Amino acid sequence: MSYIDLLRESWPRLLQGLVITLELTVISLIVATCLGLLFGLLSISKNKFLRGIAGFYISIFRGTPMIVQAMFIYFGITGATGINMSAYTAGLITLALNAGAYISEIFRGGIQSVNPGQMEAARSLGLSYSMSMIRVILPQAIRMMTPALINQYIITLKDTSIISVIGVRELTQSGKLIIASNFRSAEIWFTVGLMYYITVYILSKAGRLIERRMSYVQSKNK
Amino acid sequence: MYKVKISNLVKSFGTGNVLNGINLNIKEGEVVCIIGPSGSGKSTLLRCINALEVASGGTIIVDDYEITNPQVDINRVRRNIGMVFQQFNLFPHMTALKNITLAPRALKLLNKEEAEERAFSLLKRVGLESKAHSYPHMLSGGQQQRVAIARALAMNPDVMLFDEPTSALDPEMVGEVLGVMKSLADEGMTMVLVSHEMGFAREAADRVIFLDDGVIVEENEANELFANPQNERTKNFLNMIL
């Protein structure tokens, strides 16, 4: 069977896998970005307890491999509590919590890189802390964070492949299953790799575009 | 009758006291200029007045609000106290107009039309009507500082604090900023400024305060203080800067 015929035969399953990969990426990153904002803010809080919570969460998810996190959430938690959770759900939770920890650090860094004078100026006008954060600090922080954030999004997109270990049929798992039936591992892994590469390429180009769009004022201001 | 009443103000950072029992009353419409060597606590004193620095002891009353009382709604009091910073601190992601309309709009004191109308009249007043839609990085230092003054005025404050407003400016831009400040003083704004602009102090300040080591060493009407300092430390300091 030629490579073209092989592709024609396995394409529907690979495409299905890619769709699941993209779903996992998009949903988990939306959740992770919210978690990142929340824990990023907690980690710069004046309250020791809140900072402690953020520090604990971040250190756990940065300090353990994601493959272990996925196993623990899918087999460990379901086994220990009897809660019924699909592999897909467990995978989403793992990805969101893992990326959320890294994104928290990106938010913390972004917020701390904004000149403290900005917060003082906003507060001295009578704006509350949260209003100053939303209207003055975060818009500037997010602009500075964009490269790091896009980088994390790309990493998470590729990390969805780790979720294959709990049996979620995303792109990598689809590739494995196809190879199990036809043993054409060189061609299939090459194709799977190419599909990841193209997706990442598109995402990073989009990231560049967003970065350029947003950098209209920061450029000369330093 | 007093706009600002400071009694026995103490501020310490870690081990040392930066302010060591400051007593200072400022009348409505008075312009007070604080001078002193670097590290004398002048900026700290100014920043205590709008609670950017939290006092370690003593009381500060602005507009009948005791801002040193933790119960007081600090955001409410700060609306009445405008502040201008050495580094301008304009919001770089907003145009001059947006910088000025942000607070009145966000605090729902004015609607969009009213806020912009006020912003334009303030920009006109500081001579920057044509820069309404410019971003801060497109403006010179002097222009940025004038926008910053307009931004503070947009809240209709009745006290204005200036923290070395001309120290970060190129010499040729100092005049335009001092001009705006002078006109504010002439209109009866209560002003407290940390500044070494002796010319401005002579022309506009009702009182000059010499601060050293966290205490008020000497205070007097500007010409009198500069011409005839009583305290040895004041003399030394004035010799160095005049």
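The model is predicted: local features need pLDDT of at least 70, side-chain atom pairs count only at pLDDT 80 or more, and totals for chains, interfaces and linings use all residues. Residues are numbered from 1 along each chain as its sequence is written, chains are lettered from A and ligands numbered from 1 in the order in which they are written, and side-chain values use heavy atoms, with hydrogens and water left out.

Chain A has nine helices and zero strands. Here helices (H or I, at least four residues) and strands (E, at least two) are DSSP runs, numbered from the N terminus. Along the principal axes, the C-alpha atoms of chain A fill a box of roughly 70 × 45 × 20 Å.

Two packed helices are described by the angle between their axes and the distance between the axes. Axes are lines fitted to C-alpha atoms, for helices over the stretch in contact, and angles run from 0 to 180 degrees between N-to-C directions. Angles under 35 degrees count as roughly parallel, over 145 as roughly antiparallel, 65 to 115 as roughly perpendicular and the rest as oblique. A crossing is left-handed if the near helix is turned anticlockwise from the far one by less than a right angle, and right-handed if clockwise.

Take H1(A) and helix H2 (residues 48-63) of chain A, whose axes come within 7 Å and cross at roughly 130°. H1(A) and H2(A) are therefore oblique to each other, and the crossing is left-handed. Contact (heavy atoms within 4.5 Å) involves A:Leu35, A:Phe39, A:Leu42 and A:Ser43 of H1(A) with A:Leu50, A:Arg51, A:Ile53, A:Ala54 and A:Tyr57 of H2(A). By class, this contact of H1(A) with H2(A) has seven nonpolar, one polar and one charged residues. In this scheme Ala, Val, Leu, Ile, Met, Phe, Trp, Tyr, Cys and Pro count as nonpolar, Asp, Glu, Lys and Arg as charged, and the others, Gly among them, as polar.

H1(A) also packs with helix H8 (residues 185-214) of chain A, at an angle of about 45° and with the axes 10 Å apart. That makes H1(A) oblique to H8(A), and their crossing is right-handed. Among the residues that meet are A:Leu7, A:Trp11 and A:Leu14 in H1(A) and A:Phe190, A:Val192 and A:Met195 in H8(A). The residues of the contact of H1(A) with H8(A) divide into 13 nonpolar, four polar and one charged.

H2(A) in turn crosses H4(A) at roughly 120°, and their axes come within 9 Å. H2(A) passes H4(A) in a left-handed crossing.

On a 1 Å grid over the protein atoms alone, a pocket is an open set of points where a 1.4 Å probe fits, with protein on both sides within 12 Å along at least five of seven lines; lining residues have an atom within 4 Å of a point. The largest pocket is lined by 21 residues, of which A:Ile44, A:Lys46, A:Met119, A:Tyr129 and A:Met133 lie nearest its centre. The largest share of the lining, four residues, comes from H5(A). By class, the lining has 12 nonpolar, four polar and five charged residues.
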